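Here is a short report on a two-chain model. Look at the sequence and the structure, then read on.

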Amino acid sequence: MAKRRRKNNNKERAAKRPCPLESAGVVEINFKDIELLRQFITEKGKIIPRRITGLSSKSQKLLTHSIKQARNASLLSFAAGYVPQHEPAQEQDTRPPRRDS
Amino acid sequence: MSMKQYELLVVSDGGLTEEENKQVLDRHKEVIVKAGGKVLDEASWGRRRIAYPINKKGHGIYQFLYLEANGEVLDAALLQMGYDELVLKSFVTTVDDYQESKKAFEALLADPQKNAKLTTDILGA
């Protein structure tokens, strides 16, 4: 017997969350606003998908476009995502001292 | 040919002094004017660390030119910028109204962290 397809049960569906950008009142998404864009990319610079960001279709499209523009303008890195303007304080060398000479 | 408004991003070599940088910009503005375009306004973002090295350089001077131009003008300008070794990147976007665009950019410069903490509670990042 074929498996019965489960009907979409409205009770099981999670409530729709509002688009985080629209509810925060961000009207314009621009490639220069890196502080905004960096929240929607991973550490490796990948764009986070809509099912996780919860953005509306319109916002996500604009955002993706802006992120790609920012990469081309060398504001975001293709492979390393957000790059801070000032290098973080150098970590101390924890390797054991070299023995030779 | 109809003219449209554009925003042209020019990233020049971060090692240039202010004067040298001005010379570079003037050189390219001349090309734009000669080709029949118009430079309406400009804005500067100053010297910034770029996200990935270009021509083995780690810093660039970011500046925006707001233009009234058409495809031919942009072609000519971008071609010349491509030849110029002191220009690391050039990048064109269309704008509806350059004054609005400049205003938005200045607001961003005044408060770059404005939109920095929007989604922390949602994404948990």
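Chain A has four helices and zero strands. Helices (H or I, at least four residues) and strands (E, at least two) are DSSP runs, numbered from the N terminus. Along the sequence, chain A reads α-α-α-α.

This is a predicted model, in which local features need pLDDT of at least 70 and side-chain atom pairs count only at pLDDT 80 or more, while totals for chains, interfaces and linings use all residues. Residues are numbered from 1 along each chain as its sequence is written, and chains are lettered from A and ligands numbered from 1 in the order in which they are written.

Of the 101 residues in chain A, 25% are buried (20 or more other C-beta atoms within 10 Å of the residue's own, with C-beta atoms placed from the backbone). Among contacts in chain A with a separation of 6 or more, 71% join residues 24 or more positions apart. A contact means C-beta atoms, placed from the backbone, within 7 Å.

Chain B meets chain A through 24 residues, which touch 22 residues of chain A. These elements of chain B each give two or more residues to that side:

| Element of chain B | Residues |
|---|---|
| Strand S1 | 4–13 |
| Strand S4 | 87–94 |
| Helix H3 | 98–110 |
| Helix H4 | 120–123 |

S2(B) belongs to this group too. S2(B) gives the largest share, six residues.

S2(B) (residues 38–54) also pairs with S3(B) (residues 57–69), antiparallel, over 11 bridges. Pairing takes at least two DSSP bridges. Lys38(B) stands opposite Glu68(B) in S3(B). The hairpin has two residues between its strands, and Asn55(B) takes a positive phi near 50° there.

Note on methods:
Contact = placed C-beta atoms within 7 Å. Buried ≥ 20, exposed ≤ 12 C-beta atoms within 10 Å, placed from the backbone.
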